[in-house]
Structure formats: C-alpha cells, structure tokens
Amino acid sequence: MEWTAEHYLISDDPHRLDRDLVHRFLRDDSYWSQGVPRDVVDKSIDHSLCFGLYDGAEQVGFARLVTDRSTFAFLADVFVLPSHRGRGLAKWLCSTVLAHPDLVGVRRILLGTDDAHGLYEQLGFAPLAQTERFMDIFRPAPEIYRR
Ligand SMILES: CC(C)(COP(=O)(O)OP(=O)(O)OC[C@H]1O[C@@H](n2cnc3c(N)ncnc32)[C@H](O)[C@@H]1OP(=O)(O)O)[C@@H](O)C(=O)NCCC(=O)NCCS
C-alpha cells in the first residue's frame, strides 16, 4: 500500500526499502541499537511489517512493526532523517502504521522509548497501566553488536 502527502510517500513495500540507509541509521545514529550488524537488520525487516518514508525516490524515514498481524504488535526502529524532522512526518508515519489494515483486531501494541513519549501520546499510547502484569528479558549489548 502507499500513502502520499505533498512530495512525501509512505510505502509498506519491503522491496522498496533502502536497507543500507536503514542499517546505517540503526547502527550509527540510533540510541537503541548501536552497532547492530547488517544481517540482524535484514532478518528483522524480513520478518516484520515495515514502512518506508520517501521524499521522491530517496528514503528519509522508517518504522517497523513486529507483529503476528492478528493479536499483538511492537512498534520499533522509528526514525526520520534530521533534515526532514519537525514537519509532522513521524506523526504521519506512525499514524499510518497504526491504521494499517493488517492491524485490525490487534489488541495490544507496545513500544519502548527514552524520550519521545510526547510523540506517541499524541497517537494514543500511554504508559503501561498495569506494570505488574508485564515482565521482560533485556540483553542490552550482545556480543555480535560489538564486532
Ligand atoms: C523522534 C523523531 C522520529 C520525530 O520525527 P519528526 O518527524 O521530527 O516528528 P514530528 O514532526 O512528526 O513531531 C513529533 C511530535 O512529537 C513531539 N515529541 C516528543 N518527544 C519527541 C522527541 N524525543 N523527538 C521528537 N519529537 C518529539 C514533538 O514535540 C512533536 O509534537 P508537536 O507537533 O505537538 O510539536 C525524530 O526526531 C528522530 O528520528 N529521532 C531520532 C530517532 C528516535 O529517537 N526515534 C524514536 C525512537 S522511540
């Protein structure tokens, strides 16, 4: 599917993604997956519902939903390149992701963020209401991220 606004386009076509750009951003410029190897990014894209944000032919943003397209989704790896920030593009990208037909019926969508709570609150996200019901395993720095 495709969505357009002025000269920007959002597409859920995985073949259109600039995997070099996505990998470079996640490896070098994200605070959550520093050093991530290319094959990890490739595999994550292959098994997720991914959205590219494009200015003409050039990819300028990305969002990835880890989901079974039925019951659960986790929103991850959201970014907009610096020169395109502050124009409402992340809000458009994330609201497009959340309105995707594959998410109809999905009862819980989670995400993690260090500092963009204000962005996601505008899209309906709220802090976990019953934190005691959730547990996690977190391995912040696996060996393969340090090669
Ligand atoms: C966060 C990011 C995706 C926002 O992209 P953007 O296109 O500039 O965002 P938008 O223009 O759609 O607006 C974001 C809205 O969220 C708010 N916001 C809250 N926290 C924010 C944050 N940490 N960064 C950017 N905006 C934030 C902004 O104030 C703005 O609200 P407003 O329109 O009411 O003023 C972008 O800054 C980015 O790629 N940052 C680096 C990667 C990152 O941190 N990703 C999020 C991981 S959870």
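Helices (H or I, at least four residues) and strands (E, at least two) are DSSP runs, numbered from the N terminus. The legends below use these element numbers. This is a predicted model, in which local features need pLDDT of at least 70 and side-chain atom pairs count only at pLDDT 80 or more, while totals for chains, interfaces and linings use all residues. Residues are numbered from 1 along each chain as its sequence is written, and side-chain values use heavy atoms, with hydrogens and water left out.

**View 1. Thr 96 in helix 3.** Let's start with Thr 96, which sits in helix 3 (residues 89-98). Thr 96 is buried, at a relative accessible area of 7%; buried means under 20% relative accessible area, exposed over 50%, and partly exposed in between (1.4 Å probe, protein chains only). Which residues does Thr 96 touch, not counting residues up to four places away in sequence? They are Trp 3 and Ile 10, where contact means heavy atoms within 4.5 Å.

**View 2. Val 80 and its contacts.** Val 80 belongs to strand 5 and is buried, with a relative accessible area of 8%. Leaving aside neighbours within four places in sequence, Val 80 is in contact with Leu 53, Val 60, Gly 61, Arg 85, Leu 89 and Ala 90. While you are here, look for Leu 93 as well: its C-alpha atom is 9.2 Å from that of Val 80, and the two residues are 13 residues apart along the chain.

**View 3. Phe 62 and Phe 79, an aromatic pair.** A search of the whole structure finds five aromatic pairs. Phe 62 and Phe 79 form a tilted one, with 6.0 Å centre to centre and 40 degrees between the planes. Rings of Phe, Tyr and Trp (its six-membered ring) pair if their centres lie within 6.5 Å; planes under 30 degrees apart count as stacked, over 60 as edge-to-face and the rest as tilted. Phe 62 lies in strand 4 (residues 58-67) and Phe 79 in strand 5 (residues 72-80), so the pair ties together parts that are 17 residues apart in sequence.

**View 4. Tyr 120 and Phe 125, edge-to-face.** The ring centres of Tyr 120 and Phe 125 are 5.9 Å apart and their planes stand at 80 degrees, so this pair is edge-to-face. Tyr 120 is buried, with a relative accessible area of 9%. Phe 125 also counts as buried, at 16% relative accessibility.

**View 5. Stepping back to the chain.** To place the close-ups, here is the protein chain as a whole. The protein chain has four helices and six strands, which run β-β-α-α-β-β-β-α-β-α from the N terminus on. Along its principal axes, the C-alpha trace spans about 45 × 40 × 30 Å. Of the 147 residues, 39% count as buried. Among contacts between residues at least 6 apart in sequence, 56% join residues at least 24 apart.
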